[in-house]
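Here are a few exercises to work through with the model open beside you. Try each task before you read its solution.

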Amino acid sequence: VRATLASELGTATMELFRSEHMALTRVIVPSEAAHGTFAALGALECCQLVDLNAGSASFTRTYATQIRRAEELLRRMRYFAHEAKKAKVDVVIREGGSGARLSSTTSSSSAGTDELDHVSDELEKELQSSLRNYERLMRTHSELVELQIVLEKAGKIFDESRATSGARPTDDYSGSRAYDDVEGGGSRGTTSEALLPANDNEFDVRAPGRSGSYLEMAELSSEQRSNEGTSGGNTSVESAQEQAAKAVRLGFITGVLMTSKVVSFERILFRATRGNMFLKQSPILGLVVDPTTGEKCEKTVIVVFFAGERAREKIVKICEAFNVNRYPFPEDYTRQRQMYAESTARLVELQSTLDASTAHRDEILRNIGDNLSDWFGMVLREKAIYHAMNMCRVDVTRKVLVAHAWVPTYATAKVQDTLSAANTAASASVGTIFQEIESKEMPPTHFQTNKITAVFQGIVEAYGVASYREVNPAVATIVTFPFLFAVMFGDFGHGILMLLVAMYLIMNEKKMGANKLNEIVQMGFDGRYAILFMSIFSIYTGLLYNECFSVPMNWFGESKYVCDPDDPTAATTCDSKYTTGLVNNGDGAYAFGVDPIWHGSRSELPFLNSMKMKMSILMGVTQMMLGIFMSCLNHLYTNDKLSLYFEFIPQVLFLGALFGYLSLLIVIKWCTPGSTADLYHVMIYMFLAPGNVDCAGEGENGGPGCPENVLFAGQAAFQNFLLFVAFVAVPVMLIPKPYFLKKKHEASRGGVRRGATGYSRLDTGDDGEFLQAADTERSDASAVAEEEEFDFSEVVVHQAIHTIEFVLGAVSNTASYLRLWALSLAHAQLSAVFWDRVFMGAVASGNVIAIFIGFAVWASATIGVLMLMESLSAFLHALRLHWVEYMNKFYGGAGTKFTPYTFAGLVAEEFASKDGAMD
């Protein structure tokens, strides 16, 4: 894999143990070739540009105008995408859009952008005009439908009154029609989704000269009614009887109100008129479209009866406050029928107009949607290019741009070739200069990964990005992470299930990678190769535990333990299996893994607990020691002899003298047949009573109280020596390093300050002076940072914290690895409970239905609890063991990640962020 990737990338080697070598380069580009050069560098994806104008505001930079223009184009693109989503018009997402569909004659990127600016502006105006017409038609349509509903509902209210008084009722327009969320309606002779109000004046829906909305017409008719009641200049004098009759005549207002506001509306009316009003209401079945907001809601037709002009004015103001849509409603039933027929005919015409307007709008959006992804790609690419050019220093007199970029050393030749090709394509008068320069800044960290190693590199970088050329923990993590996971999750059957999931994700990675997945599914897909490794190691540890869904396996021969020959039930039930235990047949140990005969025996838990606990300590001490030796590699690479002598060596001695010795005792006890040594007692008395291994004087007649704790000759003297080494290691870690750092600082105080730049000049004369001046600010800043004041007290405190952290961490980290034992035991016992108590309990019943239900419950518990919850728990614990117990022994994680200047993923990111431009 390494050789293949290296050949694909054009490199001789691909290093993962340490980050790639980086070089700070300077590129001097003629102005006429700048755009093409940065376009080529973005396609190459090998350069991380350094912002040489970090102190300048974005709006004061050279190419701020071009960026604002690109942002305006992006605004239009997002507007198009938003309207396309509202209209449910699909937008095809394509990466690397070139915008070639604009014109076959477009020859340059700037010309393409100019044409796109013109085309998008025309399309935006056309689309906005179409949407305005559509909204105006929809408002009119909603008003007409509400008008029909008011005519029907209010007409029924008046019919009831006439029926009570014996008057002739009006015709029924629609019977028991319900408005169940139907679009349109006028074209089918029935009302639909949106509805309108009415007033008591005569109203012609086709009257010429009425260009306003029906709500405005209702308002106008109400005003006319008020004017008629107060006019009298040219009219004949009415009799006193007529005036009295008019004063007591009831008026009414009809309209449509949100159903949720009806109760509050009625209460306010009652208080405002002091009860001098009468409200009739009729709820509308289904949802209707409000003409003002265009949203579907529940509404109610209301008719408010009142007496007097002052009451009318109050009611009108309350209606306006509650957003009541008021409509004219004639009292004459003949006029009502005429208005209803006219509104129905008008709805038919409006529906056909709406259909044509919708088709026109969708056609515009479909044409835009076919090209929108390409346009997004072109605009985002142009914006990225000008952002990159704004990071350069511009020399107006020489008409060049100066850029600094971090480049991996394996790609410098490729970058140089790309710059030459871009300069030639632009027909520049002078060539592009490319040269490496020295720098005191820490380079960015770059690892070349493939789809297998990338997931483990991501696990490490979630803790922190490695410093430049620091040892990469991901190399060992590829093996240790899935192995520690499998120690806690080990089961052959569960490993097979996880393997099937991983294989499905891997076999469908192209299809799934091209689609937008659920967030949780996406995390599993991204970690598919980690899941593959974890499943393989789980199968391996399951074979070591000899368990498949908690059922013991006899795949590696018969058990080496037999029933006690003295047991009278040895040939039948072997009752001693659950009391005194089994005995070895003298044929050695089981061929591979744990002897399956332990399963279900009386000594199963004591045996497995002892074995897994000791195994956890051995694994923990081994991994922590590996982390300390990783720090040695860092010290050797940086030639840090102080850290090597006064950190690495005492750390190894301290950890080895205590927990390395404990690991040695575990191995010796395992290799000593019949050993009953109490290792807890040995380690405790190593500190409380140095040299007293066998509890001398505590036994009978003053003899040793625990002679079984002596595992080898000279153990007492060896323990005293280790204890001395451990105590000496602590001050060695604490004192010498700050002292020697202080001496080193004092010796260097009289040294010569290095204030010159660390790179060679490209040329002599004026050009060299220009290049030297361009880097003066960077060089001075680096020199100041390097010569910071040495604070001895701060160094001492830092070293003390580091020493205390390691000493206490050696104890706590070792204990932390006992989680391997705890989770392994919990997983095995949960699996056993589900199998024995759920499934096998159902099988024992002999009932087919019970067996089916028992299997379903067992399968659900296995998938939900063991495969999902337990696997997540084991994953998080393995993650903690690597981050805290392993990586903190050597990993600084203080670097910055290499982020190349690239155009890749710009369109996908635009559409993906908050659902991208589609929201």
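Buried means under 20% relative accessible area, exposed means over 50%, and partly exposed is what falls in between (1.4 Å probe, protein chains only). This is a predicted model, where local features need pLDDT of at least 70 and side-chain atom pairs count only at pLDDT 80 or more, while totals for chains, interfaces and linings use all residues. Residues are numbered from 1 along each chain as its sequence is written, and side-chain values use heavy atoms, with hydrogens and water left out.

**Exercise 1. Work out which residues of α7 are buried, and what they pack against.**

Step one is the helix itself. α7 runs over residues 262-273, and its 12 residues reach 16 Å from first C-alpha to last, close to the 16 Å expected. That expectation is 1.5 Å times one less than the number of residues.

Step two: V262, F265, L269 and T273 are the buried ones. They sit on the same side of α7 because they cover an arc of only 60° around the axis, taking directions from the helix axis to the C-beta atoms.

Step three, the neighbours: the buried residues pack against β3 (251-258), β4 (277-283), β7 (299-306) and α8 (309-321). Just past the helix, R274 has a positive phi of about 55°.

**Exercise 2. Describe how α11 packs on α12: at what angle do the axes cross, and which residues make the contact?**

First the geometry. α11 (residues 453-461) and α12 (residues 474-489) have axes that come within 9 Å and cross at roughly 95°. Axes are lines fitted to C-alpha atoms, for helices over the stretch in contact, with angles from 0 to 180 degrees between N-to-C directions. So α11 is roughly perpendicular to α12; that label covers 65 to 115 degrees, with under 35 roughly parallel, over 145 roughly antiparallel and the rest oblique.

Then the residues: α11 brings T453, F456, Q457, I459 and V460, and α12 brings A474, T477, I478, F481 and P482. They divide into seven nonpolar, three polar and no charged.

**Exercise 3. Look at R469 and N546: where do they lie, and are they buried or exposed?**

Background first: most residues other than glycine have a negative phi. R469 has a positive phi near 65° and is found in the loop between α11 and α12. At 6% relative accessibility, R469 counts as buried.

Now N546. This residue also isn't a glycine, yet its phi is positive, about 55°. Its place is the loop between α16 (528-545) and β12 (547-548), and at 1% relative accessibility N546 is buried.

Key:
Helices (H or I, at least four residues) and strands (E, at least two) are DSSP runs, numbered from the N terminus. Contact means heavy atoms within 4.5 Å. Ala, Val, Leu, Ile, Met, Phe, Trp, Tyr, Cys and Pro count as nonpolar, Asp, Glu, Lys and Arg as charged, and the others, Gly among them, as polar.
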